[in-house]
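Please keep the coordinates open while you read.

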Amino acid sequence: MKLQEMIGLAVFDIEEGKKIGKICDFTLTTDWQLTGIELDGRGFFSKQVKTVSWEDILAYGNDAVMIRNKQAVRKTDADNIKYNYLKGHHKLRDMTVITQEGLQLGRITDVYFDQKMGKNILGLEISDGFVMDLMEGRKWLPRTDEMKIGEHTVVVPTASEQHLVDAIHSVNG
C-alpha cells in the first residue's frame, strides 16, 4: 500500500464510532519505520499538530482508519517530529534519491509500506521527471538497510540503479 493513497482518509474512534479527523501526513524514523499519522486541523499559527501513534491504529482500509479511542490523539510539537512523508522540515516526498557514487535516480513520489498493519517501509516510488514518467513510467526501489535518510537527500547504495523496477509491476511483488 502507498502512503499517498491514505492521505485524506477519515479516522474514526472505534469505541464511540466518532469521526476524529482525516489523515494529512505520516511520521517516520530514520530507520524507515512509520511511527504514526498526523491529523488535519492544525491551527494556522500553532506549532502543535494532532498525532496518533501507529500502535493506536487498529485497522485501515480503502475508506477509513480505525483508532482505539479519542485518547489516542495527542498534541505533538511539530518541531519534535524528525521526518514526515508529505510536509514538515524533513519531508520524504520530493526528496532527491542519490547513489553513494553521486548518481541521481530521481525524486520520491510515494512510499510503500506493509499492508498487513506493518510499519516497515518496503520501498520508494521514484520519478525522474514528468517527461521520463510519460515515456518510461515511475520506478520502484526496494528499501534496504543501507539506505539513509539525510537532511536533503536519501542516499542509497551504488548498485541501487540496477534494482529499480517499473512501479506498476511492484504492486504484485
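1. Strand S1 (residues 10–13, as the pairing with S2 defines it) runs parallel to strand S6 (residues 64–67), with 4 bridges between them. One point to check in the viewer is Val11, whose bridge partner in S6 is Val65. Bear in mind that this is a predicted model.

2. S1 also pairs with strand S2 (residues 18–28). This pairing is antiparallel and has 4 bridges. Ala10 stands opposite Lys22 in S2. The two strands form a hairpin, with 4 residues between them. Gly17 sits in the turn and has a positive phi of about 70°.

3. Glu38 lies in strand S3, which covers residues 34–39. Is Glu38 buried or exposed? Its relative accessible area is 3%, so Glu38 counts as buried, the cut-off being under 20%.

4. What does the side chain of Glu38 make a polar contact with? The partner is the side chain of Asn84, at 3.3 Å. Neighbours within four places in sequence are set aside for the contact list of Glu38. That list includes Lys22, Lys50 and Lys87, along with Asp25 and Asn84. Also among the contacts are Ile23, Cys24, Val49, Thr51 and Ile81.

5. Now the aromatic rings. The count comes to 4 aromatic pairs. One of them is Trp54 with Tyr60, a tilted pair with 6.3 Å centre to centre and 55° between the planes. Trp54 is buried, at a relative accessible area of 4%. Tyr60 is buried as well, at 15%.

6. Tyr60 has a further ring partner in Phe113. The ring centres are 5.7 Å apart and the planes meet at 55°, so this pair is tilted. Why does the pair tie together separate parts of the sequence? Tyr60 lies in strand S5 (residues 57–60) and Phe113 in strand S10 (residues 104–113), so the parts it joins are 53 residues apart in sequence. Phe113 is buried, with a relative accessible area of 0%. Ring pairs link Trp54, Tyr60 and Phe113 into a cluster.

7. Strand S14 (residues 153–156) deserves a look at both faces. Which residues lie on the covered face? Val154 and Val156 do, while Thr153 and Val155 lie on the uncovered one. In a regular strand the side chains alternate between the two faces of the sheet.

8. S14 has a parallel pairing with strand S9 (residues 96–99), over 4 bridges. In that pairing, Thr99 has Val156 as its bridge partner. Val156 belongs to the covered face of S14.

9. S14 is also paired with strand S13 (residues 148–149). Here the sense is antiparallel, over 2 bridges. The bridge partner of Ile149 is Val154, another residue of the covered face. S13 and S14 form a hairpin with 3 residues between them.

How values were computed. Residues are numbered from 1 along each chain as its sequence is written. This is a predicted model: local features need pLDDT of at least 70, side-chain atom pairs count only at pLDDT 80 or more; totals for chains, interfaces and linings use all residues. Side-chain values use heavy atoms; hydrogens and water are left out. Buried means under 20% relative accessible area, exposed over 50%, partly exposed in between (1.4 Å probe, protein chains only). A polar contact is a pair of N or O atoms within 3.5 Å; within protein, one must be able to donate a hydrogen and the other to accept it, and residues adjacent in sequence count only if both atoms are side-chain atoms. Contact means heavy atoms within 4.5 Å. Two strands pair if DSSP finds at least two bridges between them. Rings of Phe, Tyr and Trp (its six-membered ring) pair if their centres lie within 6.5 Å; planes under 30 degrees apart count as stacked, over 60 as edge-to-face and the rest as tilted.
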